[in-house]
Amino acid sequence: MIKKPLMALRDVVALPGVTAYIEVAKAETVSAMEAAMENDQMVFTAAKRDAESSDVNMDNLFEVGTIAKVKQIARMPDKYVRVVLEGEKRAHLLSLESTDEGYILANIQESEEEEDVWNNADILSNHGEPTEQLKRVAMIRQLKQLFREYCDRQGKMGQQLQDMVSESIDLDRIIYMITANLPIHYHLKQGIIEPDRIEDRFTELMIVMERELGILRLQGDISEMVKQQVEDNQKEYYLREQIKAIHKELGEDDAESEADKFERKLAKLKATDKVKKKIQEEISRYKRISSNNSESAVIRGYLETLLAMPWKKMSRDNTDVAHAKEILDADHYGLEKVKERILEYLAVKKLNKNGTGTIICLVGPPGTGKTSIAKSVAKALGRKYVRICLGGVRDEAELRGHRRTYVGAMPGRVINAVKNAKVKNPLILFDEIDKMVSDGRGDPAAAMLEILDPEQNKHFSDHYLELSFDLSKAFFICTANGTDTISRPLLDRMEVIELPGYTENEKFHIAKEHLWTKQLAQNGITKQQLTITDKALRTVILRYTREAGVRGLERRIASLCRKAAKVIAQEDTKTKIRISDRNVKEYLGKPVYKPNAANEKPEIGIVRGLAWTSVGGETLEIEVMSLKGSGKLELTGKLGDVMQESAKIALTYVRYLVQDQVSEDYFEKHDIHIHVPEGATPKDGPSAGVTMTTAIYSAVTEKAVRADVAMTGEVTLRGRVLPIGGLKEKLLAAKEAGIREVLIPKENSRDVDEMEAEILDGIVLKYVQKVEDVLREALV
């Protein structure tokens, strides 16, 4: 055991046989070097385990270090001392001692190094037998070969060092020279000198060298790849410039400028990576094709469509329920159920912004405000409004688009609507959804299933786009006059809201508060120039229109305004015109409709029925006459198949009822003739069953029927009265005709409970379950 001044090194390892240049500032390290210079110049160097720590103790020093000779000390201006050390041999640190001079003495044990120098004669004398020396030769050669490859790849090793390693035959010296010059962490260098056996030190160095070579190989591959990419980009740029020049010479410079324009738009486009990749591919194709090629126009149109689509652009909803209610009430009178459902949708949207709402289908007669209420909803929500009319659509490609392989291909109506709206969440109105037609070219109703199903329209596929588009954020409203022609699967995806016909009072308020003001503005007339009395408005409603909605009423009001405008323009702009019940004929001519009033007195074989039509309710007078004949049943009045069957059922049940009141051969010797007036108008449906039964019974028994009673209901072969539809419209028609009592099926009582008091005012309803109940009430 020997004692040497300790030099604790920070993130540096001194190696045997290697000169190291080190800067130190710590006082005790400087004292140790000065003490060494006064004696044999030898110090013991040991690296710290934690370079950041200032502690010098056994725990923070590596056990193996190097005995080194202090060759030179130079003091620097900034309190640093530069030291030149020359490593001598490895040693093991045993303990530490403090000295009065302020430095630390290290008690060390020198390592016994193996003699590793031999000559070629020693090797050849073994006659090729495996010896320890041959093994060393193999290690030296392998290490030199690996170092040469490292130097070639790294390119920064000096030629002098390479020559020294190449010429040396001392394995330990080669290990230390290579280790000292490797740009690796000092812990790795310490790990190489730690082992006592030279073979272990060789193995540690080989592991580190292989790792460093792997890193260099990877760096080389990366550099080569980057270089190749840069070269490719430069080549592509050069070729593109050449193409530009060629296009310019050919007068086709627009093609390249358009491609550049598309790329600029793509850079600003907010879309998914999949969409952007597809657009970039199409732009590349567009660049390669001549502008004179027909394919160029196809790709250009496709790119314009893709770049115009709002892939991620959305408008912000106004979910203020009170604000929406104000707009709906201001734009529409009545329609309480529809308004309530829209407000419910807004309330849910406010509480759950990511929820998908149901598809609303507004069903009702023409002119009841289905289309206009969709506009009001869009206005209340603050959404873009687009309308798609489906009337007469027979090709599913109209909705899904045409594939680009076809000449003149284009996107479907849905994608076009979204593109025109410029947001992915517009309010889309599918108008007249019940008027779609299916034929050999496809079923558009089947295509509508994916569009309207919230579970499927997240990935709606348009044939033209070739990319899925998210329609789940759009708000769909459909309109129809009836649900009979809508396919069941499609109807199942929609929430049907009925819009029944307007009452006379509702029409009056709509005309006064909305239609009159609107038509005055459209015809350039002020409220001071033209006025109309309430009674005149009611006359227009009752005598000049007959409809469930108000479209015909608006046309009549427009006619009034036009005729007034003509007078004002011819005479004087200060002229004031007042339309009253007395002079309305001067503007609209004679009344078109007369009230279909009830009969004045009870009659035999004449019964007032109630019917539903697409434009509202209607009273239907059924006449029956029994004449001597051969037992035939005559049906006139252009009756449909269902109505003819109802007549046969009615006759059969009457024969059952009167078998004790007439002779047995009565029906064999009498013909029964049933006629429904207005013979040119087609009529069908089962709801005239009780009316026919009562009329036949009256004609056969010669008992008169009350003139102030109307009835409706389907009758069975056993005389039961079944419920019917369109009750509200039928009751309005009965009121207009002056009927005081209406007989309706008992099962329709639930419909009556939901009706406004205005409809039921002035009418007595009687519920019936059997034909006998009808006869008891209707016959005098």
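The following conversation goes through how some labels are assigned in this predicted model.

Trainee: What should I keep in mind about numbering and confidence?

Mentor: Residues are numbered from 1 along each chain as its sequence is written, and side-chain values use heavy atoms, with hydrogens and water left out. As the model is predicted, local features need pLDDT of at least 70 and side-chain atom pairs count only at pLDDT 80 or more, while totals for chains, interfaces and linings use all residues.

Trainee: Why is the contact between Asp 329 and Lys 339 called a salt bridge?

Mentor: A salt bridge needs a side-chain nitrogen of Lys or Arg within 4 Å of a carboxyl oxygen of Asp or Glu. The closest N and O atoms of Asp 329 and Lys 339 are 3.1 Å apart, so the pair meets the definition. Asp 329 sits in helix α11 (residues 321-331) and Lys 339 in helix α12, 10 residues apart. Helices here are DSSP runs of H or I with at least four residues, strands are runs of E with at least two, and both are numbered from the N terminus.

Trainee: Why does Lys 339 count as buried?

Mentor: Buried means under 20% relative accessible area, exposed means over 50%, and partly exposed lies in between, using a 1.4 Å probe and protein chains only. Lys 339 has 4% relative accessibility, so Lys 339 counts as buried.

Trainee: What makes Asp 470 and Lys 424 a salt bridge?

Mentor: Their side chains meet at 3.7 Å, N to O, and the limit is 4 Å. Asp 470 is in the loop between β11 (468-469) and β12 (475-480), and Lys 424 is in the loop between α15 (413-421) and β9 (427-431), 46 residues apart. Lys 424 is buried, because its relative accessibility is 9%.

Trainee: How do you know that Lys 766 and Glu 741 tie together separate parts of the sequence?

Mentor: Lys 766 lies in strand β26 (residues 764-768) and Glu 741 in strand β25 (residues 741-745), so the pair joins parts that are 25 residues apart in sequence. The closest N and O atoms are 3.7 Å apart. At 28% relative accessible area Lys 766 is partly exposed, whereas Glu 741, at 8%, is buried.

Trainee: How many salt bridges does a search of the whole structure find?

Mentor: The search finds 41. Some are linked in a network with Lys 278, Glu 282, Arg 285, Glu 295, Arg 404 and Glu 466.

Trainee: What makes Leu 218, Ile 222, Met 225, Val 226 and Val 230 a nonpolar surface patch?

Mentor: Patches use residues with over 30% relative accessible area and no salt bridge; nonpolar side chains (Val, Leu, Ile, Met, Phe, Trp, Tyr) are joined within 5 Å, and like charges within 9 Å. Val 230 has 41%, so Val 230 is partly exposed. Val 230 lies in helix α7 (residues 198-250), and the patch covers about 460 Å², an area from the Shrake-Rupley method with a 1.4 Å probe. An α-helix has 3.6 residues a turn, so residues three or four places apart point the same way.

Trainee: Which residues of helix α19 are buried?

Mentor: In α19 (residues 534-543), they are Ala 536, Leu 537, Thr 539, Val 540 and Ile 541. Their cover includes α18 (504-522), β14 (530-532), α20 (551-570), β15 (577-579) and α21 (584-588).

Trainee: Which residues does Gln 162 touch?

Mentor: Leaving out residues up to four places away in sequence, Gln 162 touches Phe 147, Cys 151 and Met 157; contact means heavy atoms within 4.5 Å. Gln 162 is in helix α4 (residues 159-167) and is partly exposed at 22%.
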